[in-house]
Amino acid sequence: MRHIPTLLRRELASYFLGPMALLVVLAFQAIALLNFWELVESLARNNVGYSGLRDPLNTYISGSPPFWIGMLVAIPALTMRLVAEERRSGTIEPLLTAPVTEVEVVVSKWLAGVGMYLVLLVPFALYLPFLYYQGHYNFDVGPVVSLGIGLSTMGMMFVAIGLFFSSLTRNQIVAAVLTFATVFMMIVLSSAGYAYATYRRAAWAEAIQFVSILHQASTFGTGQLDLRFLSLHLSVAVLMLYLTVKVLEYRREG
Amino acid sequence: MIEVERLSKLYHSARAVDRVSFGVGRGEIVGLLGPNGAGKTTTMRMLTTFLAPTSGRAVLSGHDVLDEPLEVRKKVGYLPENVPLYPEMRVREYLNYRSRLKDVPRSRRRAAVDGVLERCKLVDVESRVLGHLSKGYRQRVGLAEAMVHDPDILVLDEPTAGLDPMQIREVRALIRELGERHTIVLSTHIMSEVEAVCGRVIMIVKGKVALDDRLDHLQTQSAIIIEARGPAPAIRKALEATPGVKRVGLTDHQGDVARFEVQALDDADLREDLARRVVQNGWALRVLDLRRSSLEERFVRAVRDASIARDAESEYPTGTEAA
């Protein structure tokens, strides 16, 4: 595990030296700006009752379509090259003939991806103090913190999924498409499925609601730090990392 | 330093490397020579633990590639084919990064990187981005990287591929120099490279060792070239009848002029005897020459023999294989 800082530094450096990460960060900055604008606008309107899902801070991040569309694009964009690019360019050969273990390589790539993911969320957090101190809108800090934690573990899961698909192929596009499809299912199809299930009054509505990312995010946004969701995210992340290590180990068999 | 026993690698069902065995002693420079696709790269990848052997074993510096891959990696410096590098990194930054991965102690890291930059003549380009380097410099960065942790063994896969003649000379000189401190296994399909650099050659053809011998020993083997005017079968018979002749081969036949390659027992110089034979029979002697049989001929012969053996093997499967 002692090589992780070295590997992590290289991964982060290569993120910031390539155009992809910067574009994604820029896009998220734009989304954050627009959403904040919308938030301030809606708060400026008087006498509107807010409650539950209509909570303004919930609309700011977890209830905002641009945010999730951005996520759908950002996750594949950030994770697709992690292993696929090393396989394509052949740099995986010097990497895995240095005295480092597959676990070290996978964990540091994952940490780099999670780091970039958190960088995407930073602009959203940056605006809030202005709202609090400048705008004197004394929102409750608790839900913001629980949303932050929930989105972080969610990101750990997303990045692990992207990393796994990236390890399967030497083609970044294939990795991106597979990751996109999976994340799309988790974000969009699960919510659509939930809507359909409730419409049909089906028994599996509750089950699909549990895995629906949007539902999880809105729960976090209302200040409920549901540990079941956190453990779901973290166990999926660990499983994906384990599978990625196995894929890299299996590669030695040729 | 390196012990390889019956090492095999199966890709799906194709045998890329087939029961290869050899040993390399400390300080030797060994050339793995073979046509493209012979299994050189696969062999090297197994030695460097990038690939796991299907069967057989390889022990480097006392560590087995399957049991202690991390220990092997610490003792081996590897220059992969085509030298894959991270294009966005700078030369010194890359060597620093690699020396950290390879556990060069912090106190020695700077000296180690400075040392390899110096030895590979990279000081001028140390702050250049790797993606912008020419092929020759990339190759040198790869070499510098391979030896930054001062390994016992260097495994170099086609170290001069794609270089211009001047760069090839430089890289070869560098490898010879490295041979004084490290055990080196390098692969190539260029015969003259082996002759220029290596002390020993292992020919790999179709995944098998076709020849394993010291170069100075190989070079003493000589052949006598005779060209004469006359009936080829009769001349051949006469040459074969000369005492001390081991083998006679007809290498060329145009009109009534025939060209033979004669190999003598114990490398005796039979030129005078052979010339007398030809002249006594009334044939005109056109060429008489003693030639050290070149590595190239040995190579071509080994490739040919191997493919004949392989064909025979596949046509008439032996009992053990059929079972």
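1. How many buried residues are there among the 10 residues of strand β12 (residues 245-254) of chain B? The count is 1, and the strand is hardly covered. Here, buried means that 20 or more other C-beta atoms, placed from the backbone, lie within 10 Å of the residue's own. Strands are DSSP runs of E of at least two residues and helices runs of H or I of at least four, numbered from the N terminus.

2. This is a predicted model, in which local features need pLDDT of at least 70, side-chain atom pairs count only at pLDDT 80 or more, and totals for chains, interfaces and linings use all residues. Residues are numbered from 1 along each chain as its sequence is written, with chains lettered from A and ligands numbered from 1 in the order in which they are written.

3. β12(B) pairs with strand β13 (residues 257-264) of chain B in the antiparallel sense over 8 bridges; pairing requires at least two DSSP bridges between the strands. B:A264 in β13(B) is the bridge partner of B:V245. The hairpin has 2 residues between the strands, and B:G255 takes a positive phi near 60°.

4. The axes of α3(B) and helix α5 (residues 135-146) of chain B come within 10 Å and cross at roughly 25°. α3(B) is therefore roughly parallel to α5(B), a term for angles under 35 degrees. Axes are lines fitted to C-alpha atoms over the stretch in contact, with angles running from 0 to 180 degrees between N-to-C directions.

5. 23 residues of chain B are in contact with 18 residues of chain A, contact meaning backbone-placed C-beta atoms within 7 Å. α3(B) gives the most to that side of chain B, with 4 residues.

Terms used:
A residue is buried if 20 or more other C-beta atoms lie within 10 Å of its own, exposed if 12 or fewer, and partly exposed in between; C-beta atoms are placed from the backbone. Two residues are in contact if their C-beta atoms, placed from the backbone, lie within 7 Å. Angles under 35 degrees count as roughly parallel, over 145 as roughly antiparallel, 65 to 115 as roughly perpendicular and the rest as oblique.
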